Amino acid sequence: MITPSKEKKIIILAIESSCDDTSAAVSADDTILSNVIANQSVHEQYGGVVPELASREHMRNIVPTVQVALAKAKIEKTDIDAIAFTQAPGLIGSLLVGAQFAKSMALALDKPLIAVHHMQAHVLANLIDPIRRPAFPFLCLTVSGGHTQIVLAKSPLDLTVLGETIDDAAGEAFDKAAKMLGLPYPGGPMVDKYAAAGNPSAFKFAEPQVADLNFSFSGLKTSVLYFLQKQPEGFIKENLPDLCASVQDTIIRILIKKLHKAVKQTGVKQVCIAGGVSANSGLREALNVAGKKHGWKTYIPPFEFCTDNAGMIAITAYYKYLASQFATLEICPSSRAEW
Ligand code: KG4
Ligand code: ZN
């Protein structure tokens, strides 16, 4: 175990390239000095991420993104103590770009390499805000485009998945419903926007009955589809805010119910959310309401650390550095989600 020093902070350069955003961040101990994200607009015209195009965009973006992150943090390459990267899960072509870049840089600078799991990093994004950090143990509902999990965090590196989706992720449910409503990809933020002006009780959609702390969202998708098929022409256009608010409300109810069950089961009342869907204003509000009602202490990462970002990779890497959990230069990325 490495003990943090007061004189010399540990400087980490972190790379995140698991899907369609190229991101680089620089941290000094557990403080994020810069977090730069290059979004890829090329996918909008296809209604979803095209893996081949994502890899090419990462190749194009990675060097300037890292340069901007270092410049913003006012850090020279020679100041870096370790290079971190997202090792899994994600699109393999995208992960390969970040992994190879990180390895090359670690080799060139003769610095250690740290491999980070993307879903663990989403959870630890809750430790970024110095003013509002949960103490351990805490529960985290991680809701992203590819995953939906309830995680029990006993310490930064002791995380256990208590439940997860058995089919679609919450973000996927948002994106698929948005697509049916004729909204562009990624649909989650669009549903959020229209829902603000809609009535969440206007329409009723199926809520699944799934055992334990697991989730299912595929039934909701079918329920929205069958409902829309029965409606007359022009219905979506006339009812878009109500439809968005009703879909959003159903997803949030499913999530909060399971979170409630997890608190009851574990007795842990420090509750966090993380991942792209934690940027949803309805979910943020619902978590605060549930917190007040049930006496939970609730935490949400700052907005820029909810969707994919390298800041969360940097903070996770800091704890791995302290625990001397370094990777070898032979390490390969993996698309698989196992921890
Ligand atoms: O964590 P993330 O950036 O990437 C993955 O690891 O998947 O999550 C992306 C997901 C997408 O499904 C996107 O639609 C959803 O997060 N999302 C939202 C909002 N912002 C992003 N969903 C609902 N409301 C939002 N405001
Ligand atoms: Zn993510």
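**A hairpin, its sheet and a zinc site**

Let's start with a hairpin: strands β6 and β7 form it, with four residues between them. Strands here are DSSP runs of E, at least two residues long, and helices are runs of H or I, at least four long, numbered from the N terminus.

Some ground rules. This is a predicted model, where local features need pLDDT of at least 70 and side-chain atom pairs count only at pLDDT 80 or more, while totals for chains, interfaces and linings use all residues. Residues are numbered from 1 along each chain as its sequence is written, chains are lettered from A and ligands numbered from 1 in the order written, and side-chain values use heavy atoms, leaving out hydrogens and water.

β6 covers residues 138–143, and β7 covers 148–155. The two run antiparallel, joined by six bridges. Leu139 stands opposite Leu152 in β7. On β9, residues 270–274, the pairing with β6 is parallel, over four bridges. There Leu139 faces Val271. Strands count as paired if DSSP finds at least two bridges between them. In general, strands of a sheet pair through backbone hydrogen bonds, either parallel or antiparallel.

Now the whole sheet. Five strands make an open sheet, ordered β8-β7-β6-β9-β10, with mixed pairing. At the edges are β8 (158–164) and β10, each pairing on one side only. From one strand to the next, the twist averages 25°. Helix α7, residues 235–266, packs on this sheet and touches β6, β7, β8 and β9. Touching means heavy atoms within 4.5 Å. The direction of α7 makes about 155° with that of β6. Such angles run from 0 to 180 degrees between N-to-C directions, with axes fitted to C-alpha atoms, for helices over the stretch in contact.

Is β6 buried or exposed? Six of its six residues are buried. Buried means under 20% relative accessible area, exposed over 50%, partly exposed in between, with a 1.4 Å probe and protein chains only. Phe138, Cys140 and Thr142 point one way, and Leu139, Leu141 and Val143 the other.

Next, the cysteines. Cys140 has Cys272 as its bridge partner in β9. How many disulfides are there? The count is zero, where a disulfide is a pair of cysteine sulfur atoms within 2.5 Å. Cys272 is in none, and its nearest cysteine sulfur, that of Cys140, is 5.4 Å away. Cys272 is buried, at a relative accessible area of 0%.

Leu283 touches residues including Val143, Leu255 and Ile273.

Last stop: the metal. Which residues coordinate the zinc ion, ligand 2? They are His118 (NE2), His122 (NE2) and Asp308 (OD), at 2.0 to 2.1 Å. Donors are N, O and S atoms within 2.8 Å of the metal (3.2 Å for Na, K and Ca), and sites may look incomplete because water is not among the atoms. Along the chain, the spacing is H-x3-H-x185-D. His118 sits in helix α3 (118–124), and Asp308 in the loop between β10 (297–299) and α9 (311–322), 190 residues apart. His118 and Asp308 are buried.

Note on methods. Lists of a residue's contacts leave out its neighbours within four places in sequence.
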